[in-house]
Amino acid sequence: QGRGAVAQEQITAGDVILQIPLEACLTPLNIPDAPPFMDEQQKLMLRLLYEDLVLGVESKWRPYLDLLPRQFPTMPLWFTPAELKLLRGTSVDALLSGQHIANSKDLRAMAAWCASKSDLFPSHVTIGIDELR
């Protein structure tokens with residue numbers, strides 16, 4: 001199962017063995033006027049939302065997007081307070097207490113930013129906290 005490659009000749013350091021054009025990569029949304037809090041992970045999240053909610057079936061990424069899970073019930077970012085309490089004192093608790101892509105303050109700011117960008121997210125597309133999660 002999977003894919004592989006076998007070299008037919010000697011490969012030396014510096015040899016290009018694979019080149020992937022940038023347009024063949026799902027990249028973060030290019031946002032020149034992005035707010036300071038918005039990092040590359042959040043721009044990638046916005047790219048996924050743009051492809052899914054704005055372009056929809058016209059997106060060249062539609063077949064890939066259709067394979068992605070819509071919910072992540074086992075991801076601690078979405079645990080209830082009671083479930084998070086069970087993680088206190090663990091390495092996961094330490095990670096979640098720091099800054100991460102899904103902190104509520106940034107999600108609210110991202111939703112407000114999206115609402116202000118009608119050129120990117122038309123009025124028929126609503127991006128709120130639930131869509132960002």
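**Exercise 1. Compare the span of helix α1 with its expected length, and state which of its residues are buried.**

Step 1. Helix α1 holds 16 residues, and its first and last C-alpha atoms are 21 Å apart, close to the 22 Å expected at 1.5 Å a residue. The expected span is 1.5 Å times one less than the number of residues. Helices are DSSP runs of H or I with at least four residues, strands are runs of E with at least two, and both are numbered from the N terminus.

Step 2. The model is predicted: local features need pLDDT of at least 70, side-chain atom pairs count only at pLDDT 80 or more, and totals for chains, interfaces and linings use all residues. Residues are numbered from 1 along each chain as its sequence is written, and side-chain values use heavy atoms, with hydrogens and water left out.

Step 3. The buried residues in α1 are Gln42, Lys43, Met45, Leu46, Arg47, Leu49, Tyr50 and Glu51. Buried means under 20% relative accessible area, exposed over 50%, and partly exposed in between (1.4 Å probe, protein chains only).

Step 4. The cover over these α1 residues includes α2 (62–65), α5 and α6.

**Exercise 2. Find which residues of α5 are buried and how they are arranged about the helix axis.**

Step 1. Helix α5 covers residues 104–115; its twelve residues should span 16 Å, and the end C-alpha atoms lie 17 Å apart, which agrees.

Step 2. Asp106, Leu107, Met110, Ala111, Trp113 and Cys114 are the buried residues of α5. Down the axis they fall within an arc of 160 degrees, so they line one face of the helix. The arc is taken from the directions from the helix axis to the C-beta atoms.

Step 3. On the other side of α5, the exposed residues are Lys105, Arg108 and Ala115.

Step 4. The buried residues of α5 pack against α1 and α6 (129–132), where contact means heavy atoms within 4.5 Å.

**Exercise 3. Count the salt bridges and place their partners.**

Step 1. A salt bridge is a side-chain nitrogen of Lys or Arg within 4 Å of a carboxyl oxygen of Asp or Glu. The count is five salt bridges.

Step 2. Lys117 and Asp33 form one of them, at 2.5 Å from N to O. Lys117 is in the loop between α5 and α6 and Asp33 is in the segment before α1, so the pair ties together parts 84 residues apart in sequence. Lys117 is buried at 18% relative accessible area, whereas Asp33 is partly exposed at 45%.

Step 3. Lys43 pairs with Glu40, with the closest N and O atoms 3.3 Å apart. The two are three residues apart in α1, about one helical turn. Lys43 is buried at 13%; Glu40 is partly exposed at 47%.

Step 4. Arg47 pairs with Glu51 at 3.5 Å between the closest N and O atoms. Both lie in α1, four residues apart, and both are buried. Salt bridges that share partners also join Asp52, Arg62 and Asp66 into one network.

**Exercise 4. Describe the protein as a whole.**

Step 1. The protein has six helices and zero strands.

Step 2. Of its 133 residues, 25% count as buried.

Step 3. Among contacts between residues at least 6 apart in sequence, 47% join residues at least 24 apart.
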